[in-house]
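Please keep the sequence and the coordinates at hand.

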2 protein chains.
Amino acid sequence: MTTDQNYVTATYLVHGHFDFYKKAQEIAIGLTVGSWTDLPNAKKEQMIPHLGKVIEVKVLNHNSDEIPQALLMIGYPLVNMNPDIPSILTTVFGKLSMDGQIKLIDLHIPDSLLSQFPGPRFGIDGIRRLLGVHDRPLLMSIFKQCIGLPINELEKEYQNQIDGQVDLIKDDEIFFRDDYAPVLKRIATFEKQNQHHKETTGKKVLYAVNLTGPVTQLLEKAKHLSDAGASCLLLNVAPYGFDILHRIAADPDVNIPIMAHPAFTGSFYPSPYYGLSAPLLLGKLMRLSGADIVLFPSPYGSVAMPKDEALNLAKQLKYPNKIHRPAFPTPSAGIHPGLVPTLYRDFGDHFIVNAGGGIHGHPQGTSAGGKAFTDAIQAVVSGRTLAEAAEDSAELRSAINKWGAL
Amino acid sequence: MTTDQNYVTATYLVHGHFDFYKKAQEIAIGLTVGSWTDLPNAKKEQMIPHLGKVIEVKVLNHNSDEIPQALLMIGYPLVNMNPDIPSILTTVFGKLSMDGQIKLIDLHIPDSLLSQFPGPRFGIDGIRRLLGVHDRPLLMSIFKQCIGLPINELEKEYQNQIDGQVDLIKDDEIFFRDDYAPVLKRIATFEKQNQHHKETTGKKVLYAVNLTGPVTQLLEKAKHLSDAGASCLLLNVAPYGFDILHRIAADPDVNIPIMAHPAFTGSFYPSPYYGLSAPLLLGKLMRLSGADIVLFPSPYGSVAMPKDEALNLAKQLKYPNKIHRPAFPTPSAGIHPGLVPTLYRDFGDHFIVNAGGGIHGHPQGTSAGGKAFTDAIQAVVSGRTLAEAAEDSAELRSAINKWGAL
């Protein structure tokens, strides 16, 4: 890939019956200086630093019967953009997003611009350090239900999850109206439980509390929750916009990790013809904007992200990069203990096993559900099969009996 | 449509080979209280106010060879949501957006919730009052180019547009890096030109200045630009998120209209299988969030929004509603004077004719381009044909010769 440090390079997948080379030229000019051929020469000289350029046009299915498709790579001068996601997205996919069958597949952002984004404050190493766990994938559980429950019921649920030896526990992402269990009350209650658990067992837990409210107040609220003792923030990034993630992650007063929920992102990534690719949206953009942990649909559920996309997404979160720390991939939905070997094979050492129904639905309940997972995780990192591990773990046996093992 | 004042009712278009009734049930439970059938009765009583309900399932192509499709209408209790777009979208289309081929077609929001959104501060009547124009569609022109031009060149361009008798002039939406013509300088310069134009001809003009920067500073910046004499704000709503539009529109210190640009929304609406419908996204959500003027792709360009969608979108912006003022539809892209009768037939009395190339590309230049449009608009509202009007207008004749007339 030919790139240039003075350009953001966007790669588009385009479907249509037209001249792809001409289309690429039109994009490069139309989305930067507006017009070119009819400009006087003096004007051209003045505009050259702002002019987009066609970097590559790759026709994908020449001579086939299908609708013609091509990858267009267009460079947009850095000098046209501010160092923020709204500016970049408006420039490379503002008007263009509405211009027929065109999908934004990737963005190459040069280091000079990338370094103006915060990236994860903690990242994989930082989260591991907070938890004191360095030798295995992490385990997270989700509240089975949050809405409508009083704090004392949530407290019991929280304790059951802690007893299952999970590393992280998150609010439900739809938990906005918390009248019966207000956010500060939850933080006080659950962080006290975390503290007690640490004192009695030595094991640390992070609680990801849902950050909600007007976007104009989210940064102050994040600081406030951080000051109040929250150990992690959950953010519905797409509904609020990526820029608020950027601003929270960049603020030194928010000294806790940020977990990005993929809510609403299915509006963008699944179509082959429109929108943004999942690895770009949930991988690259989440990481550079500062998510420490990123949830996305696993490739194993009944309705799932295609496996190559999910792996590419995780790669975007983790690949070594001079500028930003790696973020924790968290393939979610449909996860049960029998999938742990598959997850480990597919996602490697660094990912978070995230379970809701696969923990709470365990025949012996939530704590046993957590135990089944921790035993499965312990098995894979010690090179044992699940069948072997199940001989020593009634909880894992039970889980495999219920859900099977891939 | 059966609705209920205690629920937000979402209508989804779903494609797939499954039991649509079961699917609807799963959504109503899964996206609210999480589980139902296995709950003890006391718990059920506690949860009923928070439980979603299936309002209607309409199977669309029973017995056809195509992939089965259905409309599902699900009610979500108001008590589960905050009065903001991120909360509503996360609730009704958070996880669900990633759950196969499902598109959010419409939202019915009861008055009690709707009234907690600002809606347009000015709306159609307010914009007309600001301009003193009550008897015809308005005319807007777009700078041919902004990036890279010094203020004195933009000043000339602005004057050419004013001389064309346009009502509104907007920045290019990709105008982020304004080093050569900083935003306060533009406001000072162009508003002075507006003032002079008003004093000499009696005609008022609104200049929509692009609001850019960190989302955490946009509200303050909007106030600042308003204080500095700006007459209108341009906002790329989708890249920043709908909630910031809501917050700016709701703030009494921002006492100027807001023009919503549709940049990036092509990532959401064009697929028949995924995302949000254009009338919901660019119609209903824009209006309730507070856009006074909404741009969207016209149904006439080479790549365009389907006509029924564009008309339905405009209807969402304009239909009488006890809570919010109507907003100005602005069908854009590919507009030339020959299209004015068609626009008028399709969009009625209240819309904005928005032209870029159709003004600047006029054979006699920008001012003549504006004149051709104003003559065309005058013709349609006086019941004359374009051919008749062209007899008295060299500019309109020229435009029709170049672009034709529909």
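Helix α11 (residues 278-289) of chain A lies across β9 and β11 of chain A and runs at about 175 degrees to β11(A). Angles run from 0 to 180 degrees between N-to-C directions, with axes fitted to C-alpha atoms, for helices over the stretch in contact. Helices (H or I, at least four residues) and strands (E, at least two) are DSSP runs numbered from the N terminus. The model is predicted: local features need pLDDT of at least 70 and side-chain atom pairs pLDDT 80 or more, while totals for chains, interfaces and linings use all residues. Residues are numbered from 1 along each chain as written, chains are lettered from A and ligands numbered from 1 in the order written, and side-chain values use heavy atoms, without hydrogens and water.

A260(A) stands opposite V294(A) in β11(A). Both strands belong to an open, parallel sheet of 8 strands in chain A, ordered β12-β11-β9-β8-β7-β6-β5-β13.

Turning to the interface, 68 residues from chain A and 68 residues from chain B are in contact, meaning heavy atoms within 4.5 Å. The two chains bury about 5,700 Å² between them, counted as accessible area (1.4 Å probe) lost on being put together, summed over both. The count of salt bridges between the chains is 4, each a Lys or Arg side-chain nitrogen within 4 Å of an Asp or Glu carboxyl oxygen. E153(A) and K43(B) form a salt bridge at 2.0 Å, N to O.

Notes:
Pairing = 2+ DSSP bridges.
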